[in-house]
Amino acid sequence: MSNRLRTEIQEEEEEAKKLVVEEKPRKAELPDNLFMRFLTKGVISTDDAIRALPFVLYVALLGMFYIANRHLSENNIRELDKLNKEVKELSWEYKSTKADLAFKSTLTEVAKRADTLGIRESNEPPQKIKVKEDAQ
């Protein structure tokens, strides 16, 4: 330590406290981009931008509705294509089943199936049965 008096040291400390400059926090600086230049350099004032905000929001809402409508219509078109393919497939299945039924109902096919059951085609012509009304 030096040979100074205690009072001199205290005076120096007080002077150092007086010399301390308080730094104020800086305001957040605005980024220097095109949008901020557009608003701050006088082309459009912030009041004009605030007045135009409802219109901008309206246009944004219309844009979202347009996009949603497009998605819904594309989904409907996909669903219609899927249903059309299913209808074509079912139509083919109907036609093939109808042709199969027509084939199986022919006389020869019915005779083949009935033969497995032991039923045979009659070679004799049918006979009329006559009932007498007096017999009661």
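## Secondary structure

The protein contains four helices and zero strands, where helices (H or I, at least four residues) and strands (E, at least two) are DSSP runs numbered from the N terminus. Along the sequence, the order of elements reads α-α-α-α. Helix H1 covers residues 6–19, helix H3 covers residues 46–104, and helix H4 covers residues 107–117.

## Basis of the model

This is a predicted model, in which local features need pLDDT of at least 70 and side-chain atom pairs count only at pLDDT 80 or more, whereas totals for chains, interfaces and linings use all residues. Residues are numbered from 1 along each chain as its sequence is written, and side-chain values use heavy atoms, with hydrogens and water left out.

## Accessibility and burial

The accessible surface of the protein amounts to about 14,500 Å², and carbon and sulfur atoms account for 59% of that area. Accessible areas come from the Shrake-Rupley method with a 1.4 Å probe, and for residues only the protein chains shown count as cover.

Of the 136 residues of the protein, 3% count as buried. Buried means under 20% relative accessible area, exposed means over 50%, and partly exposed lies in between (1.4 Å probe, protein chains only).

## Surface patches

Patches are made of residues with over 30% relative accessible area and no salt bridge; like charges are joined within 9 Å, and nonpolar side chains (Val, Leu, Ile, Met, Phe, Trp, Tyr) within 5 Å. For charges, Lys and Arg count as positive and Asp and Glu as negative, while His and the chain ends are not counted. The place of a charge is taken as NZ of Lys, CZ of Arg, CG of Asp or CD of Glu.

Glu8, Glu11, Glu13, Glu14 and Glu15 form a negative surface patch. Within this group, glutamate 13 belongs to helix H1 and counts as partly exposed because its relative accessibility is 48%. A nonpolar surface patch of about 1,000 Å² is made by Leu53, Phe55, Val56, Leu57, Tyr58, Val59, Leu61, Leu62, Met64 and Phe65. One of its members, leucine 62, is located in helix H3; with a relative accessibility of 42%, leucine 62 is partly exposed.

The structure holds five salt bridges, a salt bridge being a side-chain nitrogen of Lys or Arg within 4 Å of a carboxyl oxygen of Asp or Glu. One of them links arginine 70 to glutamate 74, with the closest N and O atoms 3.1 Å apart. Both residues lie in helix H3, four residues apart, about one turn of the helix. Arginine 70 is partly exposed at 48% relative accessibility, and glutamate 74 is partly exposed with a relative accessible area of 29%.

Aspartate 100 and lysine 104 also meet through their side chains in a salt bridge (3.6 Å, N to O). Because these two residues are four residues apart in helix H3, about one helical turn separates aspartate 100 from lysine 104. Aspartate 100 has a relative accessibility of 36% and therefore counts as partly exposed; lysine 104, at 37%, is likewise partly exposed.

In helix H4, glutamate 109 forms a salt bridge with lysine 112 through their side chains (3.6 Å, N to O). Glutamate 109 is buried because its relative accessible area is 16%, whereas lysine 112 counts as exposed at 56% relative accessibility.

Not counting residues up to four places away in sequence, glutamate 109 touches Phe103 and Lys104, where contact means heavy atoms within 4.5 Å. Lysine 104 is also the partner of aspartate 100 in the salt bridge described above.
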